[in-house]
Amino acid sequence: MADSNIILRTEKLVSGYGATTILHGASIAVREKRITTIIGPNGAGKSTLFRAVFGLLPAREGKIMFRGEDITGSAPRALLRRGLAYVPQGRNLFGELSVAENLELGGVSLGSLALTRQRMGAVFERFPALKLRAGAQASTLSGGEQKMLEVGRALLLEPKLLMIDEPSIGLSPKLVGDVFALLTGLRDTGVSVLMVEQNARAALAISDDALVLQQGRLALSGAASEILDHPEIGRLFLGGGLKRA
Amino acid sequence: MSDIVQLFVSGISTGAIYALAAMGFTLLWQTTGTINFAQGEFVMLPAFIMLAAMNLLDVGLLSAFVISLVVSMVLLGAAFKRALVDPMAHHGVLPLIIATIALGIFMKEAVKTFYSAEAQPFAAFAPEGAMRIGPVSVSIENIAVLAVAVVAILALQLFLQRTFAGRCMQAVAQNRESARILGVPVERMVLYTFLINAALATLAALLVTPTYLAKFDNGESLGLIAFIAAIVGGFNQMRGALAGGLLIGLIDNFTAVYISTQYRHAIPLILLIVVILFRPQGLFGRAEERRL
């Protein structure tokens with residue numbers, strides 16, 4: 001893969017929590033304007049990788065390159081300004097604040113309330129359901145609406161790369177479809193997407209590339225369709241019971 | 001009837017001062033997880049800074065207040081955060097609590113040693129006397145204290161609810177990790193919290209000291225009341241701290257007159273026990289949420 005279309009690269013990244021090391025020298029490359037899904041067993045370091053890249057965990061060793069620049073050790077605020085956005089797993093809204101206030105906070109790193117308001121208009125256009133609930137407390141939204149709000153909040157910055165961790169968790173199959181449709185829509189407008197997803201088969205089905213993490217290292221990478229059809233991977237990571245023909 | 005109105009006004013006015021200290025206490029807890037057991041001393045010290053400024057620099061009360069405000073924001077705000085809370089925070093809540101208790105003792109003993117162990121008279125910022133409102137007469141000082149406290153509380157609420165920086169502080173209080181992920185300058189918001197707490201404490205000192213006189217151990221009862229007010233109102237709600245402070249002020253004044261001055265310090269403790277027994281989340285608190 002030529003370096004020019006690599007948007008994110010980690011080189012021998014070592015990171016973890018406290019005394020526990022989770023990533024043991026993970027080297028990955030994520031291509032521009034693609035959907036890349038990371039799969040791997042529990043504890044392989046998928047979420048840790050996101051947190052280390054986003055500056056929430058220290059990179060003890062190794063290097064992180066984003067759009068050709070070394071971002072190792074950069075704080076989230078600086079990364080957001082460079083076009084990297086992160087939607088973590090679980091609920092990340094400010095439940096006591098309104099939908100509009102949550103979105104507004106998404107624009108804090110823009111440093112301009114006027115620009116934030118303008119971008120909010122675009123987010124509301126993309127998610128009409130959020131516009132209808134703009135004044136409602138975020139905690140009163142349905143699970144799907146909350147996920148939309150989290151994604152919308154990240155899109156406010158018009159990121160180049162969106163890292164999204166387990167977007168489908170807790171959502172009904174119909175809403176999972178909506179979220180995946182949203183991600184492919186983003187990809188088609190030129191946003192790169194890096195996703196960790198429990199629902200690996202469905203995620204790979206909409207992905208261009210796949211990375212397989214195992215014990216804190218990259219075990220395999222390739223086209224999502226290849227990984228999806230890889231007999232060994234299928235047995236190991238995509239649900240052993242469902243052996244593919 | 002007139003007595004009751006007077007008591008009510010003085011109770012609310014005392015309570016508003018307690019509320020200032022309690023709201024600062026709650027604010028610190030919510031945004032930083034600091035339970036500041038030196039909060040009473042944070043009200044005591046600014047009074048002595050004002051006294052020192054008036055005596056040494058020969059300035060008026062208002063200038064002394066401004067000097068004290070600046071010094072307190074530096075010492076009890078920024079330096080408190082940098083030198084005590086930041087290094088202690090990652091050891092957990094309890095070591096931090098013990099550190100603040102130690103700080104409180106240190107401040108108390110330092111004032112006793114280097115200033116005086118005697119209670120110092122402290123000028124009231126409002127004229128003495130009473131004014132008549134219809135058939136009742138109320139103390140001008142009470143009304144003035146109430147007015148200043150209400151303006152301060154409203155200003156704080158407006159800042160938190162209506163300004164972007166205020167909402168960023170709320171975001172930090174509700175979910176620090178999410179705030180960081182969105183690029184909220186978490187450390188700066190935390191610093192603001194410490195500065196606001198120091199400012200509230202200084203204002204409380206200006207308002208409360210004319211009544212209690214400036215004494216090194218004033219913080220003991222004030223700190224306890226701020227703590228109880230915060231618990232009674234609901235530990236995770238600013239308006240709870242406000243209500244708790246007002247309630248204790250009222251009970252305090254009515255107890256002193258209708259029951260006994262000897263029991264007035266026991267009443268907040270009894271109130272605390274009753275609330276913890278029957279409504280442990282506080283009057284306004286709800287489990288698992290934080291609101292500024």
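Helix 1 (residues 46-53) of chain A lies across strand 3 (35-39), strand 6, strand 7, strand 8 (192-196) and strand 9 (209-214) of chain A. Helix 1 of chain A runs at about 140 degrees to strand 7 of chain A. Axes are lines fitted to C-alpha atoms, for helices over the stretch in contact, and angles run from 0 to 180 degrees between N-to-C directions. Helices (H or I, at least four residues) and strands (E, at least two) are DSSP runs, numbered from the N terminus.

The model is predicted: local features need pLDDT of at least 70, side-chain atom pairs count only at pLDDT 80 or more, and totals for chains, interfaces and linings use all residues. Residues are numbered from 1 along each chain as its sequence is written, while chains are lettered from A and ligands numbered from 1 in the order in which they are written.

In chain A, six strands form an open sheet with mixed pairing and the order 6-7-8-3-9-10. Strand 6 and strand 10 (217-223) are its edge strands, each pairing on one side only. On average, neighbouring strands are turned by 15 degrees against each other, direction ignored. Strands count as paired if DSSP finds at least two bridges between them. Strands 6 and 7 of chain A pair in the parallel sense over four bridges. A:L84 has A:L161, in strand 7 of chain A, as its bridge partner.

Helix 6 (residues 143-155) of chain A has 13 residues, which should span 18 Å at 1.5 Å a residue. The expected span is 1.5 Å times one less than the number of residues. The end C-alpha atoms are 18 Å apart, in agreement. Of the 13 residues of this helix, 11 are buried. Buried means 20 or more other C-beta atoms within 10 Å of a residue's own, with C-beta atoms placed from the backbone. Among the buried residues are A:M148, A:L149 and A:V151. Their cover includes strand 6 (84-87), helix 4 (113-126) and helix 7 (173-188) of chain A.

In chain B, B:L45 lies in helix 2 (residues 39-56). B:L45 is buried because 29 other C-beta atoms lie within 10 Å. B:L45 and B:T202 are 157 residues apart in sequence, yet 8.3 Å apart in space, C-alpha to C-alpha.

Between the chains, 16 residues of chain B are in contact (C-beta atoms, placed from the backbone, within 7 Å) with 17 residues of chain A. Helix 6 of chain B gives the most to the chain B side, with six residues.

Key:
Contact = placed C-beta atoms within 7 Å. Buried ≥ 20, exposed ≤ 12 C-beta atoms within 10 Å, placed from the backbone.
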